[in-house]
Amino acid sequence: MHTKLRYGIIGCGGIARGLYLPSIQKLEDAEITAFCDSAPEKAEKLNNEFCGGRGKVFSCYRELIKEDLDAVFVLTPNNSHCEISTAALLAGKHVMCEKPMAINYAEAKTMIAARNESKKLLTIGYQNRFRPDSLYLKAECDSGVLGEIYFAKATALRRRAVPAWGVFLDEKTQGGGPLIDIGTHALDLTLYMMNNYEPVYAAGTVYHKLNKDTDTGNDWGHWDPDKFTVEDSAFGFVVMKNGATIIVQSSWALNITEIREAVTTLCGTKAGADMPKARELIINGVKNGRQYTIKPDFNTGISQGNEADIETRIFTDAIRGKGELCVLPEQAAVVTRILEGIYIAAKTGKPYFFSED
């Protein structure tokens with residue numbers, strides 16, 4: 001292993017620039033040495049911006065994974081996550097793959113098989129686990145403050161914030177719309193808090209109600225109705241093996257005023273918890289015959305850095321054998337499995353039982 005870990009970036013879009021590259025730059029024991037994008041000018045631009053032009057630039061990921069790298073970050077459209085991650089693992093690289101893990105459960109299992117064969121690390125980019133409210137709530141859940149969590153809501157609802165750029169609106173490339181894009185974060189957070197990864201069946205509804213709107217009022221500019229092939233909203237109802245129920249709510253464009261994204265609501269036998277929005281938390285219960293609420297102050301205490309900083313630090317430490325991964329691929333595969341089940345249930349009009357996959 002090198003004195004500094006050598007990282008390669010596959011997919012040089014907004015996630016690379018805005019999320020991972022700034023965090024990798026903060027690491028003293030890692031460096032970025034290779035960039036890849038099907039549009040090589042994007043890779044060259046990030047090479048100049050974050051690496052002073054010293055890195056190597058590629059237009060094909062198969063060439064990049066031949067390089068002397070310790071790990072790669074797979075930050076490409078959803079339908080390529082499995083192909084690229086599997087190839088990188090079998091080429092001897094550790095892999096951090098952007099969420100969702102894959103577009104279906106079969107591909108997620110293929111990635112895990114490659115991890116097992118290669119003996120390399122594989123983790124998925126569910127960085128909302130590392131928000132201060134998430135870290136606090138996870139500690140409460142693990143210590144039993146909430147008791148048995150038997151009902152939850154995974155919420156990712158926007159009013160008019162459709163990502164109108166890139167391939168977000170293309171079903172073939174992305175595998176879906178808000179459910180697989182932002183609903184995936186809320187569902188991951190919910191399952192993680194519950195520590196419950198055994199779904200029995202799912203029901204779901206998927207809507208294409210606003211796709212053809214031309215007077216959009218969209219936060220990020222008008223979308224092209226002809227290219228908006230994914231759903232604008234999707235909702236799911238999931239029953240777990242222990243009897244717990246999870247409601248999944250996701251939308252890029254819903255006529256609401258209460259906007260909540262990547263948050264969870266948990267109801268347990270001893271207490272409950274609600275995230276009104278990211279970085280806010282209310283815990284409720286009964287003590288000494290009185291109802292109570294607790295609102296932790298996340299402006300106090302020592303900051304561990306932003307979510308991406310923590311995520312890349314955990315990944316780097318795990319590669320060096322100094323700690324364990326937080327986001328396990330087996331957990332992320334269940335998120336993908338449930339999302340796929342909701343889509344199938346919506347398409348068939350009947351509950352989908354996970355024994356079928």
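Trainee: Which residue takes a positive phi in the hairpin of E9 and E10?

Mentor: Bear in mind that this is a predicted model. Strands E9 and E10 (residues 245-251) are joined by 7 bridges and run antiparallel, with Phe237 standing opposite Ile247 in E10. The hairpin has 4 residues between the strands, and the one with a positive phi, near 95°, is Gly243.

Trainee: How many bridges join strand E8 to E9, and how many of the residues of E9 are buried?

Mentor: Strand E8 (residues 199-207) and E9 run antiparallel and are joined by 8 bridges; within this pairing, Thr205 stands opposite Phe235 in E9. Strand E9 (residues 233-240) is mostly covered, and the number of its 8 residues that are buried is 6.

Trainee: In the open sheet of 6 strands, which are the edge strands?

Mentor: The sheet is open, its pairing is parallel, and the order of its strands is E3-E2-E1-E4-E5-E6. An edge strand pairs on one side only, which is the case for strand E3 (56-58) and E6.

Trainee: Which residue in E4 stands opposite Gly8?

Mentor: The strands to consider are E1 and E4, which pair in the parallel sense over 4 bridges. The residue of E4 that stands opposite Gly8 is Val72.

Trainee: Is helix H9 largely enclosed or largely open, and how many of its residues are buried?

Mentor: The buried residues of H9 include Ile310, Phe315 and Ile319, but also Glu307, Asp309, Glu311 and Asp317. They pack against strand E1 (5-10), helix H1 (14-25), strand E4 (71-74), strand E5 (94-98), E6 and H6. Helix H9 is therefore largely enclosed by the rest of the structure, the number of buried residues among its 13 being 11.

Trainee: How far apart are the end C-alpha atoms of H9, given its 13 residues?

Mentor: At 1.5 Å a residue, the 13 residues of helix H9 (residues 307-319) should span 18 Å.

Trainee: Which residue caps the N-terminal end of H9?

Mentor: Just after H9, Gly321 takes a positive phi of about 75°, but the cap concerns the N-terminal end. There, a side-chain oxygen lies 3.1 Å from the backbone nitrogen of Ala308, and the residue that supplies this oxygen is Asn306.

Trainee: Does Arg129 count as buried or exposed, and with which side chain does its own side chain make a polar contact?

Mentor: Arg129 lies in the loop between strand E6 (122-125) and helix H6 (132-142), yet its relative accessibility is 1%, so Arg129 counts as buried. Leaving aside neighbours within four places in sequence, its contacts include Asp188, Tyr192, Tyr197 and Cys326. The polar contact made by the side chain of Arg129, at 3.0 Å, is with the side chain of Gln331.

Trainee: What is the relative accessible area of Asn288?

Mentor: Asn288 has a positive phi of about 55° although it is not a glycine, and it is found in the loop between strand E13 (282-287) and strand E14 (290-294). Asn195, in the loop between helix H8 (178-194) and E8, likewise has a positive phi, near 50°, and is exposed with a relative accessible area of 58%. Asn288 is also exposed, because exposed means over 50% and its relative accessible area is 75%.

Trainee: Which residues does the cis peptide bond join?

Mentor: One of the two, Pro100, lies in the loop between E5 and helix H5 (105-118). The bond has an omega of about -15°, and the residues joined are Lys99 and Pro100.

How values were computed
Residues are numbered from 1 along each chain as its sequence is written. This is a predicted model: local features need pLDDT of at least 70, side-chain atom pairs count only at pLDDT 80 or more; totals for chains, interfaces and linings use all residues. Side-chain values use heavy atoms; hydrogens and water are left out. Buried means under 20% relative accessible area, exposed over 50%, partly exposed in between (1.4 Å probe, protein chains only). A polar contact is a pair of N or O atoms within 3.5 Å; within protein, one must be able to donate a hydrogen and the other to accept it, and residues adjacent in sequence count only if both atoms are side-chain atoms. Contact means heavy atoms within 4.5 Å. The expected span of a helix is 1.5 Å times one less than its number of residues. Two strands pair if DSSP finds at least two bridges between them.
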